[in-house]
Amino acid sequence: MSGIEANFDGLVGMTHNYAGLSIGNEAAMNHKGQESNPRKAALQGLMKMKALSDMGLVQGVLPPQQRPNLPVLRQLGFTGSDEQVLNKTLRYSPSLLSSLSSASSMWTANAATVSPSADSADRRVHFTVANLSNKVHRSLESTFTSQALKATFPDKDRFVHHDPLPQHADWGDEGAANHNRFCGEYGEAGIQLFVYGRKSLQEGVEPKRYPARQTLEASQAVARLHQLDEEKTVFAQQNPVAIDSGVFHNDVISVSNRNVFFHHQHAFLNQQSVMDELRQKMERLGQTLIALEVPAEQVTIQDAVESYLFNSQLLSQPDGKMMLVLPEECRQNRNVSDYLQALVSEANAPINKLHFFDLRESMHNGGGPACLRLRVALTETELAAVNPATLMTAELYQRLTTWVERYYRDSLYVADLADPQLLREVYEALDELTQILKLGSIYDFQR
């Protein structure tokens, strides 16, 4: 079966704010404390989803988390009414309030790692929710993420949902942002590439400036849970120099689609060995790996970090060629723009189209097109088992756009997160969203 690849984007939450919480993510750090525009952020994301759906691609929607996270604030000893809890937290630490109001679940590349049924021994699609243990604000997402994924992919005969790995740095798991898959057709067996930043149970090279969030041991555990054959997996270490340059996840330095691998010259430690293993294992499946390696002399690592060139979506078109979905920043960086124009002008290049999107609200917080989506390879039968209310259509786009315009604010600072009216707006909006997406009772509005 040929299968399809669906992309499920996260809706930007109503508390989208620039808190600079993510050490190692330079865009997020550089915009700390600035005014955010949640309404614009959500509409920019929806516009990208609608555009890809209009191109004939399968596009889904995942809901935001319930924020501010009042249950955790109460667990930390803040008491009183909701308003009192929020105001006490703001006085105690604006950083804590912004952390527990983070809308970072919008970046669903970190939601989970997904293995298609063609690769798993039990012939089911496997999801392992990421524990995101490296950052406090993200480590609190996994319980709700699991509920949202189960509401979106509910058929237990076709979908397997694994709990996150133990919440410890030794098992740090950042989800699909450190995972690529290579294949011929989406429904055929493929090779899965797991990328890690450090080893926790043995000595090895590590970055010195910024943390390595993904461990080898976490990647190996996910592969075991998904029942993957060793001959169809590759484990590669991210280049520590790249991490220290701001490449906090591998999807900031490489992206794949089917048998094409678009990556930077300095993406991996021992890169030649990694590429040789990928080629050999692809050849055993009767496939040829097409590696598009971008030379550092044309595009530096800094260029890649500033433009998010590799945080693009590499997608198949109906004619078999591929296109890149890129942030507008790629057009503004001279080195990146020149490289891209040369890439698509080649006569037999596998990539022949470029689509640029304005995603500045997400980009300023450190996430580009690829951060916003979770890739799920499905057969037609599996696609039919997905919650249909979560799949993008013209009608759903209009309903969600109207919903955003009704509830979302166009300006937000950290101090605004203590506004009790904002909390009421969030509860009312999320209650309506569960009805739009037919998600059931996945939110807990009890204080």
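This is a predicted model: local features need pLDDT of at least 70, side-chain atom pairs count only at pLDDT 80 or more; totals for chains, interfaces and linings use all residues.
Biologist: What makes the radius of gyration of the protein chain agree with a compact globule?

Modeller: With 447 residues, such a globule would have a radius near 22 Å, and the protein chain has 21 Å, so the two agree. The radius is taken over C-alpha atoms, and the globule rule is 2.2 Å times the number of residues to the power 0.38.

Biologist: Good to know! Why is N110 called buried?

Modeller: Buried means under 20% relative accessible area, exposed over 50%, and partly exposed in between (1.4 Å probe, protein chains only). N110 has 4% relative accessibility, so N110 counts as buried.

Biologist: And why does V376 count as buried?

Modeller: The relative accessible area of V376 is 0%, so V376 is buried. Buried residues make up 63% of the 447 residues in the protein chain.

Biologist: Which residues is V376 in contact with, leaving aside neighbours within four places in sequence?

Modeller: Contact means heavy atoms within 4.5 Å. Among the partners of V376 are I4, E5, F127 and F153. The C-alpha atoms of V376 and E5 are separated by 5.7 Å, although the two are 371 residues apart along the chain.

Biologist: What makes the pairing of N110 and R138 a polar contact?

Modeller: A polar contact is a pair of N or O atoms within 3.5 Å; within protein, one must be able to donate a hydrogen and the other to accept it, and residues adjacent in sequence count only if both atoms are side-chain atoms. The side chains of N110 and R138 make such a contact at 2.7 Å.

Biologist: Which side chains make polar contacts with that of R409?

Modeller: The side chain of R409 is joined to that of D419 by a polar contact of 2.9 Å, and to that of E425 by another of 3.1 Å.

Conventions
Residues are numbered from 1 along each chain as its sequence is written. Side-chain values use heavy atoms; hydrogens and water are left out.
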